[in-house]
Amino acid sequence: RRGGNDRDRDRDRSPRAASFRNAAAVDAASEEEESEEGESEEEEGPSAAGGDGRSLKLRRTRRWLRETSQRVTDATRVSLSSLVSHDKPSVRAAVASAASSIAHRCRATLPGLTRPLLEATLTLAGDPWLDVSSVARDGLNALTSSGQIDHDTLRDVIKDGFAELPRAVRRAGGGGGGGGG
């Protein structure tokens, strides 16, 4: 049986201990970056500490906002196309409502989503189900009447969508070459 000092020394060499040391080094680097990027906001709530003594509070820095915004944008872009063409009209109506709401409320923090959200809302405005298309049209009207989206932007999105149609048809049809020959 080993003594207490031997166990402590072996524990300090374990992969888990190395992981904690690496995490502490990353935290120190993050704190340096925070001081360079300005003040951070911490989420309010009970002060808890992880098993390694680090705080579990969320530090909202500019870097955090930038990275989180990109992750939300990427995830939303990926899910929009399947949701816009979902079989259930209730899902499409919910997407129409959410897309226009996010475009309205999160324009500054999620600027990369404005166009995909408009594309989704415009697509749903032409949905054959009135319960879906009316929600989408109401959302578009709210965006334009509030001045957040202008008619030129909508026209550009529609024009680009039409320009994309031949490529989409070729992809759907197996990449056919078109005619002539």
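This is a predicted model: local features need pLDDT of at least 70, side-chain atom pairs count only at pLDDT 80 or more; totals for chains, interfaces and linings use all residues.
Residues are numbered from 1 along each chain as its sequence is written, and side-chain values use heavy atoms, leaving out hydrogens and water.

Start with the whole chain in cartoon view. You will find seven helices and two strands, in the order α-α-β-β-α-α-α-α-α (DSSP runs numbered from the N terminus: helices are H or I, at least four residues; strands are E, at least two). Of the 181 residues, 21% are buried, meaning under 20% relative accessible area with a 1.4 Å probe, protein chains only.

Next, select residues 62-84, helix α3. Its 23 residues reach 32 Å from first C-alpha to last, close to the expected 33 Å (1.5 Å times one less than the number of residues). Show S69, T73, T76, L80 and V84, which are buried. Their cover includes α4 (89-105) and α5 (114-125), judged by contact, heavy atoms within 4.5 Å.

Now pick L117, L118 and L124: of the 21 residues in the largest nonpolar core, these touch the most other members. Such a core is a set of buried Ala, Val, Leu, Ile, Met, Phe, Trp, Tyr and Cys residues joined through side-chain atoms within 4.5 Å.

Finally, centre on L124. Leaving out residues up to four places away in sequence, L124 touches V84, R92, V95, A96, V132, S133 and A136.

Conventions:
Buried means under 20% relative accessible area, exposed over 50%, partly exposed in between (1.4 Å probe, protein chains only).
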